[in-house]
Amino acid sequence: MAEIFPFAAYRYNPQRVELEKVVTQPYDKISPAMQECYYAASPYNLIPVEKGKPSPNDSPSDNVYTRAAQKLEEWIREGILVRDAAPSLYAYLQDYAVPGTHTRRERRGFIALGRLEDYSAGVVFRHEHTLSGPKADRLELLRQTRTQTGQLFLLYDDPAGRVDAVLAQVAQQPAAVELRDEYDVLHCLWPVSDPKVVQSIVAAIAGQKLVIADGHHRYETALAYRDECRARVGITDRGAPHERAHEWAMMTLFNSRSKGLTILPTHRVVANLSRFDLERFRVEVSPYFDWYAYPFANEAERPEAYAEFREDLEGRGKEHHAIGVYAGRGAFYLFLLRRGGDLEQWLPDLSARQRQLDVVLLHRLMFEKGLGITAEAVRSEKHLTYEREMDAAIAAVDRGQAQLACLLNPVRVEQVTGIALAGEVMPQKSTDFYPKLLSGLVLYCLDR
């Protein structure tokens, strides 16, 4: 059974800081350039905590993790971060434009403490594997700071929209926090401490199965830290947050049925292939795919060909498995899975759910059979890099930095939850839930 709990979060004091200048994107989305911008924005920006700079003089007693802990202590002592008076759930709204479109959406969820559960308990489900490096980094940061600054993004299933209706009522009041980030996403926050409202949300989530949409590394880091604490204190009972703070993690939960959810595709850019030949590639994958060309003779013709290609990739992809390919040479290509093709015969080691994912067909039929790129080569990123924007993937080919851009439609939310609840995982970088949840809006301090 999923358990959530209100908590008294630490938040930035709006009397002391400009909120837009102190919050950040999640640590794994912060580029070096973004890191510099955050450092320059404010001396109280979360960046030295969320993703601090190492120093050549770092030591076991003075490093990015110990300095992060010192910053948090300093900011709490100086009143830069202050604790809310009452335990609350936090209604969270994001108003955003879907990248590459003129469509705006609202995504409504709420922040709570959620009980940490092993995957084997059948309460929290993942949809991707994690890597050891990021988990080691986040674990050491949690050990030193005993604070969670970023959000876990989880999905629950509420067809009746009971929680959404409550959140809509809450949003009728002025928001306690309202700010716009660097991607022009509006973020609004409302603390909800009314016991009746809180209990109605807690009751609606009880018994739910939760699917991790984003934050797998942070979730597994919280599990590892919980287990360390259990071993240290010799207590394994589950306890409330004020009794066993390490048994809980800060989570933002969204209804999987919400129309405000957006998943963006992550395109694959292929390079460093010896003797790559487009014609031979088409022959190699011809048992599995039919292909259609969108040629252009010059730059004047290119926009029309590109627009037609994108329209067909999206439109045909709603009914069929469709993958776009660009290798320069004056044409875009659309590859459609051959009708009547026997995916069970071609991919007998995969489940029916896995075989319905375009990204799986790309990796297993195009990369492995058409280009000889093995799963191990994919994991090591020997030939692949990733781009959110289709134009950026195509531009890499035009610049001569890549040989091939493989362009995908996004997976659907129901595909993600279906695979996760079946105990399966998707290939790395299969999902990109947009927009991201800001770090620093609310903080969960485990020992306060």
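**Close-up 1. Arg329 sits in the loop between β16 (322–326) and β17 (331–337).** Strands here are DSSP runs of E with at least two residues, helices are runs of H or I with at least four, and both are numbered from the N terminus. Arg329 isn't a glycine, yet its phi is positive, at about 60 degrees. With a relative accessible area of 53%, Arg329 is exposed; that word means over 50%, while buried means under 20% and partly exposed is in between (1.4 Å probe, protein chains only). A quick note on the source: this is a predicted model, where local features need pLDDT of at least 70, side-chain atom pairs count only at pLDDT 80 or more, and totals for chains, interfaces and linings use all residues. Residues are numbered from 1 along each chain as its sequence is written, and side-chain values use heavy atoms, leaving out hydrogens and water.

**Close-up 2. Arg275 has a positive phi, near 55 degrees, and is not a glycine.** Look for Arg275 in the loop between β14 (267–270) and α8 (278–285). Its relative accessibility is 69%, so Arg275 counts as exposed.

**Close-up 3. Tyr434 and Pro435 are joined by a cis peptide bond.** Omega comes out at about -5 degrees. Pro435 belongs to the loop between β20 (432–434) and β21 (444–445).

**Close-up 4. Asp118 pairs up with Arg226 in a salt bridge.** The term stands for a side-chain nitrogen of Lys or Arg within 4 Å of a carboxyl oxygen of Asp or Glu, and by this rule there are 32 salt bridges. For Asp118 and Arg226, the closest N and O atoms are 2.8 Å apart. This pair links distant parts of the chain, 108 residues apart: Asp118 is in the loop between β5 (104–115) and β6 (124–125), and Arg226 is in helix α7 (residues 216–233). Asp118 is partly exposed at 33% relative accessibility, whereas Arg226 is buried at 2%.

**Close-up 5. Lys135 and Glu220 meet through their side chains in a salt bridge, 3.0 Å from N to O.** Lys135 is in helix α4 (residues 132–145) and Glu220 in helix α7, so the pair ties together parts that are 85 residues apart in sequence. Lys135 counts as partly exposed at 24% relative accessibility; Glu220 is buried, with a relative accessible area of 12%.

**Close-up 6. Arg302 and Glu299 form a salt bridge at 4.0 Å, N to O.** Arg302 is buried at 16% relative accessibility, while Glu299 is exposed at 57%.
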